[in-house]
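Okay, thanks for coming, everyone. Let me put the structure up and we'll walk through it together.

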Amino acid sequence: MERIAIVGVGQTKYEARKRGEIFYDMVYEVTDKAMKDAGFTLGDIDNVITVSNDFWDGRTISCMAVQEVAGAHDKNVSTVEGDGSFGAFYGAMRVLGGFGTTLVVAHSKGSEGDSKVITNAMFDPIYHRPLGLDAISSSALQANVYMERSGVTEEEFAHVSVKNHANAKNNPYAQLPMELTVDDVMRSKRIADPLRLLDCSPVSDGAAAIIIANEERAGKALKPPIWIKGVAHCSDAYFLGDRDLGDPRSLRDASQRAYAMAGVSDPLHEIDIVELYDAFSYMEPLWLEGMGFCDAGQGGKMVERGITTVDGELPVNPSGGVLSAHPVLVAGLARIIEVTLQLRSEASARQIDGAKTGLAHGINGPCGQSHCVWILGKE
Amino acid sequence: MTNWFEDVAELTHKGQIKVPYTWSVGEVGSRFLVALRDQKRILGNRCGQCRTVFVPPRNRCGKCFGEIHEWIELGDEGIVTAHTIVRYNHPIQPTPTPFAYAIVKLDGADVGFIHIIKEDLGRLKNGVRVKARFSESRRGHILDIDSFTII
C-alpha cells in the first residue's frame with residue numbers, strides 16, 4: 001500500500017451533557033484543533049468525510065448541517081453513518097484514491113435523545129424491535145454466551161471496568177475517571193444479567209476529527225506522521241440468532257487482514273498498545289481473543305493477570321476506553337486519536353513508554369456485528 | 001469553552017420525531033406471520049444450497065446466496081442457547097421487568113430465534129427446554145407468540 005498517515009487530531013472533552021455547545025460548535029472545535037495540530041489551514045484540506053447518525057441527531061441527512069464547520073465549504077464532502085473508525089477507513093480510501101488530504105470528523109450528543117429508543121431502532125422492525133431489544137439487552141445476551149462458552153467470570157469483567165476507569169484519571173478528555181474496586185463493580189446495580197451498571201459505558205456527548213494525508217502532504221505537516229500500516233473491516237450477520245455471539249469471527253477476519261497488510265505476525269509481541277471498543281466490560285476480553293492476542297477463552301485471564309494494565313505487557317485502553325466515555329460514532333475515532341497521541345509520545349500522564357506500533361478498533365451494529373481494525377506505526 | 005450561560009439564559013428546545021411507517025413484511029415474512037396468527041405454527045425455511053434452516057424465514061440465504069424454496073414446519077419447542085434477565089424498565093419493552101430475552105434453538109432450526117420469557121426466571125439457564133405460548137388474540141405479529149415458557 002502507498003504510504004498514508006494521520007497528521008492531525010482533535011477531540012472535545014467527552015461529557016455527559018454538553019450544555020454549552022451545539023453540534024455546530026463541537027464540529028468546529030475539533031476541525032480547528034485537528035488543522036492546528038497538523039499546522040494546516042483550510043486550503044490544505046482537500047476533501048472532508050463527516051460521520052453522524054440521523055437518529056442520534058434527530059435530523060435527517062444530519063451530515064448536511066455540519067459541513068461548513070467541518071471545513072467542507074466548496075469542497076468534495078461525503079458521509080459515513082456509522083462508527084468513526086469506518087469513517088476514517090473511507091477517509092483513508094479517498095487519500096489512496098488521489099486526494100492529498102482528507103479530514104474526517106464525527107459528532108454525537110447522546111444526551112439529547114433517548115439511547116434506548118435509538119438503539120432499539122437498529123433492530124429489525126418486524127421481528128426484533130417489538131421485543132424491546134436495545135444495545136444493553138442485546139449485549140447482555142452476548143456476554144451470557146461468552147461466559148458460558150469460555151468460563152470467563154463476572155469478576156474478570158469487573159477487572160476491566162476497574163482498570164479502564166482508573167486509566168481515565170490520566171486522560172483529560174475522559175468523562176468518567178473513577179477509582180473503583182472489583183467489589184464496587186460487583187455491587188453496582190444489576191442492569192441486564194450479567195451486566196451491572198459499572199460494566200456499561202455511559203451516554204456521552206462529544207466530537208473528534210483526524211486528518212489523513214498521503215506521503216507528500218504528510219511531509220508538510222507540523223508533527224511527525226503516524227503511518228497507517230494496515231487497516232481492514234469485516235461484517236457478520238445482522239440477525240443475532242444467525243450469529244455465534246461468543247465467537248467474534250468478523251473481528252478475527254478484520255484483524256488478520258490488517259496484520260497481514262502491516263506485516264504483523266505475532267501481535268502480542270509486535271503491538272505495543274491497544275485501544276478497543278469496550279462499550280461493555282465483557283467486550284475487552286472478547287475482542288482481545290478476536291484480535292488474536294490470546295486463545296479463545298483466555299481473554300478474561302489476560303485481564304485478570306494484569307497483562308492489559310498500563311504497566312502490563314499489552315496496555316489496553318490507557319485512555320480509559322469507551323467505558324469511560326461513549327460518544328456513539330465518535331468513539332472509534334477517539335481510539336485512533338489515542339493511539340496516535342501515544343505513538344507521538346504526547347499522551348502525558350498516560351503515556352506508554354516506547355510505544356511504536358498500536359492497534360485501534362471500532363465496531364458497528366449490535367454486539368460488534370462489524371469490526372474495523374487499524375494498525376498504526378511511528379515508522 | 002466559555003460558560004456563556006452565566007451571561008444569558010440557557011434555552012433548550014424540546015421536540016420529537018414521530019413518523020408513521022407502513023413496512024412491507026414481504027412474502028416469506030407474511031407466510032411466517034400468517035402461520036403464527038391462523039395456525040399457531042412456527043415456519044422456517046431451508047436454503048437449497050447450504051441447507052441452513054432459517055427462522056424467521058428468509059427469501060435469500062445471506063451466507064451462500066442460495067435460493068430458498070423449501071418450507072419447514074418447526075417445533076414450538078426448543079432449547080435456550082443464550083439469555084439475559086432484564087432489570088430496567090423502558091416503554092420500548094413489551095412487558096414489565098423482570099423478564100428475560102432468550103435465543104431459542106427451535107426444534108428443526110439451524111439458527112437461533114430471539115424472544116422473551118416472562119415467568120419462572122429462577123429456573124432459566126442455557127440448555128433448558130422452552131415452549132412457545134401463543135397469545136389469545138393474534139394479529140400477524142411477532143408477539144402473536146406471547147412468550148416462551150420453561151418446560
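So, start on the outward side of helix α1 of chain B: the face turned away from the buried side carries the exposed residues B:Glu27, B:Asp38 and B:Gln39. Bear in mind that what you're looking at is a predicted model.

Which residues of α1(B) are buried? They are B:Gly29, B:Phe32, B:Leu33 and B:Leu36. If you want the background, an α-helix has 3.6 residues a turn, so residues three or four places apart point the same way. And what lies over that buried side? The cover includes two strands of chain B, β1 (42-47) and β8 (145-150).

I also checked the length of this helix. α1 of chain B runs over residues 26-39, and at 1.5 Å a residue its 14 residues should span 20 Å; the end C-alpha atoms are 19 Å apart, so that agrees. Just after the helix, B:Lys40 takes a positive phi of about 50°.

Okay, over to where the two chains meet. The contact takes 31 residues from chain A and 35 residues from chain B. On the chain A side, α4 (115-120), α5 (135-150) and β5 (190-192) each supply at least two residues. The largest share of that side comes from α5(A), with 6 residues. By type, the chain A side divides into 15 nonpolar, 8 polar and 8 charged residues.

Let's zoom out to chain A as a whole. You've got 13 helices and 11 strands there. Its radius of gyration is 19 Å, close to the 21 Å that the globule rule gives for 379 residues, so chain A is as compact as a globular protein of that length. The C-alpha trace spans about 55 × 45 × 35 Å along its principal axes. Of the 379 residues, 63% count as buried. And if you take contacts with a separation of 6 or more, 78% of them in chain A join residues 24 or more positions apart.

Last stop, one residue in chain A: A:Val51, in strand β2 (residues 47-51). Buried or exposed? A:Val51 counts as buried, because it has 32 C-beta neighbours inside 10 Å, and the cut-off for buried is 20 or more. Leaving out residues up to four places away in sequence, A:Val51 touches several others, among them A:Val80, A:Val104, A:Val105 and A:Leu329.

That's my tour, so let's take questions.

How values were computed
Residues numbered from 1 in each chain as written. Chains lettered and ligands numbered in written order. Predicted model: local features only at pLDDT ≥ 70, side-chain atom pairs only at ≥ 80, totals over all residues. Helix = DSSP H or I, 4+ residues; strand = E, 2+ residues; numbered from the N terminus. Buried ≥ 20, exposed ≤ 12 C-beta atoms within 10 Å, placed from the backbone. Contact = placed C-beta atoms within 7 Å. Expected span 1.5 Å × (residues − 1). Nonpolar A, V, L, I, M, F, W, Y, C, P; charged D, E, K, R; others polar. Rg over C-alpha atoms; globule rule 2.2 N^0.38 Å.
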